[in-house]
Amino acid sequence: MNKYRSHNCNQLRKKNVGDKVILSGWINKKRDHGNLLFIDLRDNYGITQCIIDKENSNFSSLEKMQLETVIKIEGKVVDRSSETINKEIDTGEIEVTINKFEVLGACKELPMPVFSEQEYAEEIRLKYRFLDLRRKKIHENIILRSKVISFIRNEMNNLGFLEYQTPILTSSSPEGARDFLVPSRLNPGKFYALPQAPQQFKQLIMVSGFDKYFQIAPCFRDEDARADRSPGEFYQLDLEMSFVEQEDVFKVVEILLTNTFKKFSKKKLMFDKFPKISYSDALLKYGSDKPDLRNPLIIRDITEIFERKDVSFEIFKKLVKSGSRVRCIVTKNTKNKPRSFFDGIDKWAKDQGASGMAYFTFEKDNEIAAKGPVGKFFSEDSLKELMKKTGAEVGDSIFFACNKVKELEKITASARDKIASELDLIDDNSFAFCWIVDYPMFEENQISKKIEFSHNPFSMPQGDLKKIDFKDPLNILAYQYDIVCNGIELSSGAIRNHIPELMYELFSIAGYDKSQVDSKFSGMINALSYGAPPHGGIAPGIDRIVMLLANEKNIREVTMFPMNQNAQDLMMNAPSEINDNQLKELNLTIKSKK
RNA sequence: GGGGGUGUAGCUCAGUUGGUUAGAGCGAUCGCCUGUCACGCGAUAGGUCGAGGGUUCGAGUCCCUUCACUCCCGCCA
C-alpha cells in the first residue's frame, strides 16, 4: 500500500464501513465542537468527513491545524446515522474516525479563503493562482478543459487527422497582429517571432504531403486583452486538409463541434446544420460579422423611407442626402412598454457615442399612426410602406438610427444586443452556431485609404481564376469563413491560395512587390512552386470553446495560469528585467525611460 | 492611446449633508461547546481609508494629479 493513501477522498462508500484506511488531502473545513472535531478532507476527487474526539491524544493538535494544511490521516470507516447523512457529497453516507495524523504540508495564514463561493479581486486570485485553482468552480473548469482537449484529439484522430508539432521560434510576418519577438544570440540584431498561428507551417505540412493535419497549437499575439481574449497566448485547434473544398472543411468542423458541445454541455444546439450567412448579409442584418443568432432581432435598411416627400423628419433626410443610411430594429408587441424603456435605449445609444436612437410605436385608431416623439413626421402612407418593408405590425415598435454605414452598423449591432437583453429575448440555454462566408479579399483602410487584406492574405479568391478583375479588388470575394457561436467568433479559416503567380498578384494589390513577398514568406512561396496540393483549413479557438461549455464570460476562468490585462503574470513576476550579461549576450541595450 | 467602473482590516463589503474614537461578516488568536456539514456562543488583535497635493476650523466623504485592477473602444491577417 502507498504510504500516503489507501483511497482518495471521493472513494469510500457504505460498503467500506469497518475498513482501516489512510487518506491524504487538504483541510477544507473544520467544525470544532470542543470535544468533537469534524474535518472535511479534500483532494482532487472530492471530500471525506473525518472525525476525532477528545479521547484521542491527537485531538488538541488537530484542532489547531490551519485550513488548507495538507495532512495524512489513518482511521476507520464508520457508518453515519440516518440523520447525519450528507447528500451533498458522494462520501456522505460514511465518515472516517481518525486514529493518527501527520502534517505533510503546513499552511500559513491564507491571503484568500479557498472554501468559499465568494468572488475575489482578480489581482489576488492571479497572485495566488495555486490557491485560487483549488476552489471548486475553477478547478472543475480546468478539468473540463483537459477533457475537452482530450476528446477533441480523439475525435480528430477518428476523422483521420494526425497531430504534428510546429516551431515556437519562427519569423516575424508583416501581416496581422503585433508579434512577440525574441532576440537571437547567435544572430545579433535579428529576432525570432512567436507564431501568431502556425499558418505557414500547416500549409507547408500540406505541401509535404501529409494530407490531414491538426494540432492543439499555442498562438501568440501581442495585442490588448479583452474578457474573451487573453493577452499574449491562446490555443487553437489548428487543422488543415488537402484536396478539399470549403464544404469539406465545414463538414469536419460541424461534426467535431456538434459532438463536442453535445458531450460537454446540457444546452441545446439551435441548429443541427449550421446556417451560412454571407459577410455582407451579416453586416446588414446583424451589423456584425459575429452575430448572436439566439437574438431574433434583425436590422433592416429603411433609407428609402426618408427620401419620400410625405416624411418630414428633416434631420435624417438631410443626412441621407449627404450619403448616410437609416437602419432600424423592430420589436414585436412593445406598445405597452413604459416610456422609460424607449428613452432608456435612446439614452444608452447616446452614451455609446451615437447621436441616439429615434423610435415610435405603430398604433391604429382610425388610421395607422406613429406614437412617439418623432411620430408626427411620418404620414400614414409612409408608415404603411415602412410596415410592409419591415414586417412590423400594429403594436410593434421601431428603433432607428442614421449614420454613415460603418458607424451605423456598429450602433445598430450593439442596439440589437441591448434591446434583446432589455426585452429578455435571448435563450441562454442554447448554442447558436453559424458560418459567416464570402469575406471580401481586400478592404480599404479607413484612414490611409490603402487597399489591405481584409482577413488572411493566403486565402483563395472565389470564381474563375482566369476572369478575376484585379482592377476592382474590393469586389473580389475569398473562400474565407468564420464560425460564430452565440456572438463569439470561434475561428476563422480559408481555402488557401496554392498558386504562386496568383499570390504575387494579390500581394501586389496590397502593396507588396515580388521581392517583398519572396523575403517575407520565403518558406511558403518557395514551397508552393514545387507541386502544392489545393488545401484549406480552419482553427477554432480552444479557450473560447471551453468558455462556452463552462458557461463562463471570462477567458481567465478557463485558463490555468493567465496573465492580467497588462500582460503580467503576477504569480511568476513576468515580464521581468534581465541582467546586463544577458543583454550583452543578446547585443541589446535598454533605452532609459523618461 | 481613449472612455467607464472599482480601490476602506488578511478576504468580502457598509460608511448619511464634510463633524467626536471609521464599522459588519468571514478569516486569525484565546476561551466555552460531543453530531456538525456555511456548526454555535463569547472575547481579543487587526486600518498610511491606493498614493500625492489642495479646499476647509475639520476630509474616507469635496476638488486636482497620479497609481493599480477591471470592462469597453482602438488593436486583434
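How many bridges join strand β1 to strand β4, and do the two run parallel or antiparallel? There are 7 bridges between β1 (residues 20-32) and β4 (residues 70-79), and the strands run antiparallel. This is a predicted model, in which local features need pLDDT of at least 70 and side-chain atom pairs count only at pLDDT 80 or more, while totals for chains, interfaces and linings use all residues. Residues are numbered from 1 along each chain as its sequence is written, and side-chain values use heavy atoms, leaving out hydrogens and water.

- Look for S24, whose bridge partner in β4 is K72.

**Two packed helices**
- Helix α4 (residues 136-158) packs against helix α15 (residues 542-550) at an angle of about 125 degrees, with the axes 10 Å apart.
- That angle makes α4 oblique to α15 (oblique covers what is left after under 35 degrees, roughly parallel; over 145, roughly antiparallel; and 65 to 115, roughly perpendicular).
- Contact (heavy atoms within 4.5 Å) involves residues including L144 and V148 of α4 and I545 and L549 of α15.
- The contact residues divide into 9 nonpolar, 1 polar and 3 charged.

**Helix α15 itself**
- This helix is mostly covered, with 9 of its 9 residues buried (under 20% relative accessible area, using a 1.4 Å probe and protein chains only).
- Among the buried residues of α15 are D543 and R544.
- Next after α15 comes N551, with a positive phi near 60 degrees.

Conventions
Chains are lettered from A and ligands numbered from 1 in the order in which they are written. Axes are lines fitted to C-alpha atoms, for helices over the stretch in contact, and angles run from 0 to 180 degrees between N-to-C directions. Helices (H or I, at least four residues) and strands (E, at least two) are DSSP runs, numbered from the N terminus. Ala, Val, Leu, Ile, Met, Phe, Trp, Tyr, Cys and Pro count as nonpolar, Asp, Glu, Lys and Arg as charged, and the others, Gly among them, as polar. Two strands pair if DSSP finds at least two bridges between them. Buried means under 20% relative accessible area, exposed over 50%, partly exposed in between (1.4 Å probe, protein chains only).
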